[in-house]
Structure formats: C-alpha cells, structure tokens
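Here is a short walk through one protein model.

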Amino acid sequence: MEFCLNLRKPHAMGIVSAVLVLGLLNFCLAEWQTPSVVEPIEYQAIKCRKHSAALTDFGGIGDGKTMNTAAFISAIEHLSQFADDGGAELIVPPGNWLTGSFNLTSHFTLYVHKDAVILGAQDESVYPLIEVLPSYGVGRDGGGRYASLIFGTNLTDVVITGGNGTLNGQGQYWWDKFRAKKYNDTRPYLIEIMYSDHVEISNLTLIDSPSWNVHPVYSSNVLVHDLTILAPIDSPNTDGINPDSCRKVRIEDCFIVSGDDCIAVKSGWDQYGYNFGMPTQDLIIRRLTCISPDSATIALGSEMSGGIKNVWAEDITAINTQSGIRIKTGIGRGGYVKDIYVRRMTMKTMKYVFWMTGNYGSHPDPGWDPNALPVIKNINYKDMVAENVTYSARLDGIPNDPFTGICISNVTIGLTEKPKDLQWNCTDVAGATSQVIPKPCDLLAPSNEVFNCSFPHPPHWHVKRKTCTNRGCRKVEL
C-alpha cells in the first residue's frame with residue numbers, strides 16, 4: 001500500500017519537519033490530480049475496507065464506448081489478495097463504464113460514484129453461459145442462462161453500493177430479441193449473488209435490466225435497501241427484487257417501477273425446488289413503493305416449491321398496480337407458503353387488492369408430479385386502505401387442496417366508478433375476516449366481532465452499519 005498523509009489520526013512519529021509535511025502534501029496533491037482518484041467519498045456499509053483502488057487504476061475508460069470488462073476483472077482479482085487484510089473497495093468514478101459480466105470477491109465493496117454509470121453491454125458474448133440453478137432445473141426463460149452483469153458466488157461479506165450511482169442494463173436490446181423468440185437461454189440479470197453470506201446491496205439506481213434486477217439466491221443475512229429500480233411498465237420479466245431460497249433477508253426503503261412484480265419471493269420450481277429443499281424464510285419487507293400496472297406489489301411464487309415461510313411486510317405503498325400481495329402456485333409445485341404477515345398497506349388505483357392463484361400451469365419439463373400439491377396456510381393481512389379498486393379480491397385455491405387460515409382485518413377498500421359486481425370471488429379457500437369493507441365472501445366468514453389478525457413481532461437482526469470514508473489520497477500498489 002501507498003498512503004497519503006492521514007489527517008484523521010495523530011501522527012505516530014511525533015514532530016515532523018516542515019519539509020517532510022510539505023513533501024507529503026505535495027505527494028497527496030499529485031495523487032489527487034491523477035484521473036485514477038475521485039474526490040473524497042463517505043458512505044455507510046456493514047463493513048469498511050482497509051484498501052482502496054479506482055477502476056481507472058486498472059485501465060478503465062469511462063467514455064461509454066470502450067469495453068471495460070477486462071478492467072473490472074483485473075481490478076477485482078488484484079483486490080482479492082486483501083481479503084484477509086481488512087478487505088478492499090473498488091471505486092467506479094464518474095463516467096460511463098461499458099462492460100460485460102464480472103464476478104465479485106469476498107470482503108469486498110463495489111462503490112459506484114453518484115456520477116458513474118455502469119452500462120451493460122448489448123452483446124451476448126460478454127455474458128458467459130453458466131449452470132442452471134439446481135432448484136429450477138432449467139433457465140427461467142428456458143435453456144441455459146447468461147451470467148448476470150454483476151455476479152458473485154460463495155462469497156462472505158460483500159457490499160454493492162454507491163452515492164446513488166447507476167447500473168443501466170440497456171435492456172431494450174434483450175427485450176426485443178426475447179419478444180421475437182430469438183433466445184434459447186435466460187437473459188442476464190443486473191445483480192445475482194449465490195451461496196453467499198452477509199451481503200449488502202444499497203444506494204443505487206438500477207434501470208432497464210434485461211430481466212430480473214436483483215436476485216439473491218441460496219444466501220443468508222442479506223440487506224437490500226435504498227434502491228431505485230426503473231423499467232418500462234411493459235418490459236418483460238423485469239422483476240425488482242427476487243429473494244430466492246434465502247434466509248434472513250431485509251428489504252427496506254426501495255422505490256420500484258417495473259414491468260413485472262416489484263418483489264417476487266421464490267424458492268425453486270416444481271420437482272427441482274422441493275427436491276433441493278431450501279426455503280425462503282425470515283424475510284422482512286419495509287417501506288416499499290411499487291408501480292406495476294400488470295403485476296404484483298409483492299408476489300409469493302409462483303416458483304415456491306422449496307417453501308416460503310415467516311415473511312413480514314409493513315408500510316407498503318402501491319400505486320397503479322395490478323395487485324397488492326399475490327400468492328401464485330399450482331398443481332405440481334409442492335412446497336408451501338405459510339406464516340405470512342402483512343400490515344399498514346396503502347393502495348391507489350388497483351385491479352385487485354387481494355389475489356391468490358392456484359392454477360399456475362408453467363412447468364420446467366414433463367417430469368413434474370401432478371400429485372405434488374402446495375400447502376397455503378396462515379396468511380394474515382391487517383390495517384390496509386385502498387382506493388379506486390376494480391376487484392376487492394380474487395382468491396382461487398385448488399380443488400381438494402384449499403388455502404386455509406386466511407385472516408383479513410381492518411381493511412377499507414374504495415371502489416372505482418365502475419367496479420365489478422362480484423367484489424369477492426372465492427373458491428377453495430377458508431378463513432375469517434373482521435371490519436372489512438366491502439363485505440367479504442362467505443368462505444372467509446365475516447365476523448360481527450372485532451378481532452385483529454396476527455402480526456407477531458418480526459425478528460430483530462442487529463445490523464450495525466459503519467461510516468466509511470475514502471479521502472481520495474491512497475491506493476493499492478499495482
């Protein structure tokens with residue numbers, strides 16, 4: 001490492017001569033004048049790093065035209081040597097940084113400057129084909145799957161953050177080909193982190209992903225917060241955040257405009273999912289704002305075959321969105337969705353407030369088992385208000401496999417000027433309701449007695465975030 005004068009700590013050598021001080025200051029000034037160093041930055045993260053470098057130190061050129069995949073790969077490979085010595089951060093400075101897929105490393109921070117844009121290349125050759133997920137058996141679009149723009153597997157302690165810098169997937173290229181049925185493999189996501197622990201993704205703007213935006217899978221202790229995710233409302237499969245077979249996940253303070261579900265909770269597809277057997281559990285979603293006219297604010301499924309349980313969602317806003325909380329499943333899925341708790345949700349201009357679907361028919365291959373029935377139970381909704389709604393609820397369970405333990409309390413739904421006559425369309429469901437307007441279906445046993453549906457205190461996972469400062473005058477030796 002080379003260091004400039006550290007003005008934050010007492011000088012360890014006592015009295016320093018004026019000549020030495022001036023020499024150090026001149027050295028620091030020279031470092032600041034190089035294009036490889038940005039102005040001082042300060043951010044909060046679960047971990048700060050001892051070592052730091054900028055992408056330009058490794059030949060990166062932020063002109064929006066030069067391919068920077070090699071620079072990202074070289075930088076991260078070099079910085080990985082500091083994993084056991086306080087970790088390292090890679091700063092993406094101002095500019096437009098065109099790149100293909102690159103892999104992260106452990107004990108590492110990728111920091112995207114507020115004036116930096118990482119541009120996903122519109123070229124399949126720079127996104128390697130990788131193995132399909134074992135809980136899916138096939139790429140979600142069919143065939144294999146392309147690596148995500150930012151990818152990591154088997155990591156510990158990784159942070160992807162910024163000063164609200166931007167990841168631009170340049171998705172139109174991919175959407176057009178997908179609609180034209182020119183792909184045999186699954187389009188890349190913007191961020192995918194697999195088999196990892198202690199992950200933070202925060203303070204970024206993600207736009208125009210080719211497919212899903214953020215996909216933590218087979219991971220634990222995942223913190224996702226302060227993201228802005230934007231895609232055209234007709235863009236295909238541009239889900240916002242998809243926790244998939246993960247444990248202990250917090251999603252907080254995100255704003256999402258999407259062509260698909262704003263958040264989709266998943267755990268594998270049919271026989272591959274329940275044989276893999278890794279549920280998504282202990283998930284907290286708070287302070288989400290969603291706009292998605294053709295999809296859900298929060299979807300549970302449809303790929304839920306490994307199970308989904310212990311989900312808390314609160315302080316959610318949905319605007320011009322197809323549905324509030326949607327449970328999606330079907331015959332052949334197996335698995336379960338249970339112990340779901342949602343409260344304090346505000347919805348404006350909705351097709352459905354409540355939607356449960358038991359007839360999802362997509363399957364990964366002909367090997368799915370028609371006897372694999374999902375279990376849907378202990379679903380709790382309370383303290384909600386909605387306006388300009390077309391249907392209050394469509395709740396379709398599965399014949400001989402009803403969805404049970406549905407509880408809805410203290411919900412007021414204001415209808416559009418031309419609402420549907422049948423406001424609660426219910427089949428193969430069972431539960432109870434209290435203080436719900438309009439009056440629910442008989443299968444949900446409207447009660448004259450006042451009660452509140454359950455919302456147990458969510459688990460408290462203490463995450464102490466630190467203030468990290470880079471003074472702009474230090475770098476790693478190259």
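The protein exposes about 18,900 Å², and carbon and sulfur atoms supply 51% of that area. Accessible areas come from the Shrake-Rupley method with a 1.4 Å probe, and for residues only the protein chains shown count as cover. This is a predicted model: local features need pLDDT of at least 70, side-chain atom pairs count only at pLDDT 80 or more, and totals for chains, interfaces and linings use all residues. Residues are numbered from 1 along each chain as its sequence is written, and side-chain values use heavy atoms, with hydrogens and water left out.

Now look at the overall build. The protein has four helices and 32 strands. Both are DSSP runs numbered from the N terminus: helices are H or I with at least four residues, strands are E with at least two. The radius of gyration, taken over C-alpha atoms, is 24 Å. Along its principal axes the C-alpha trace spans about 85 × 50 × 40 Å.

Of the 478 residues, 56% count as buried. Buried means under 20% relative accessible area, exposed over 50%, and partly exposed in between (1.4 Å probe, protein chains only).

Next, find Glu 124. It lies in the loop between β9 (116-120) and β10 (129-130). Is Glu 124 buried or exposed? Its relative accessibility is 16%, so Glu 124 counts as buried. Which residues does Glu 124 touch, leaving aside neighbours within four places in sequence? They are Tyr 146, Tyr 173, Trp 174, Lys 177 and Tyr 183. Contact here means heavy atoms within 4.5 Å.

Ring pairs link Tyr 127, Tyr 146, Tyr 173, Trp 174 and Tyr 183 into a cluster. Rings of Phe, Tyr and Trp (its six-membered ring) pair if their centres lie within 6.5 Å; planes under 30 degrees apart count as stacked, over 60 as edge-to-face and the rest as tilted. By this rule the count comes to 15 aromatic pairs. Take Tyr 146 and Tyr 183: their ring centres are 6.4 Å apart and their planes stand at 75°, so the pair is edge-to-face. This pair links distant parts of the chain, 37 residues apart. Tyr 146 is in strand β11 (residues 145-146), while Tyr 183 is in the loop between α3 (172-179) and β15 (191-194). Both Tyr 146 and Tyr 183 are buried.

Terms used: Rg over C-alpha atoms; globule rule 2.2 N^0.38 Å.
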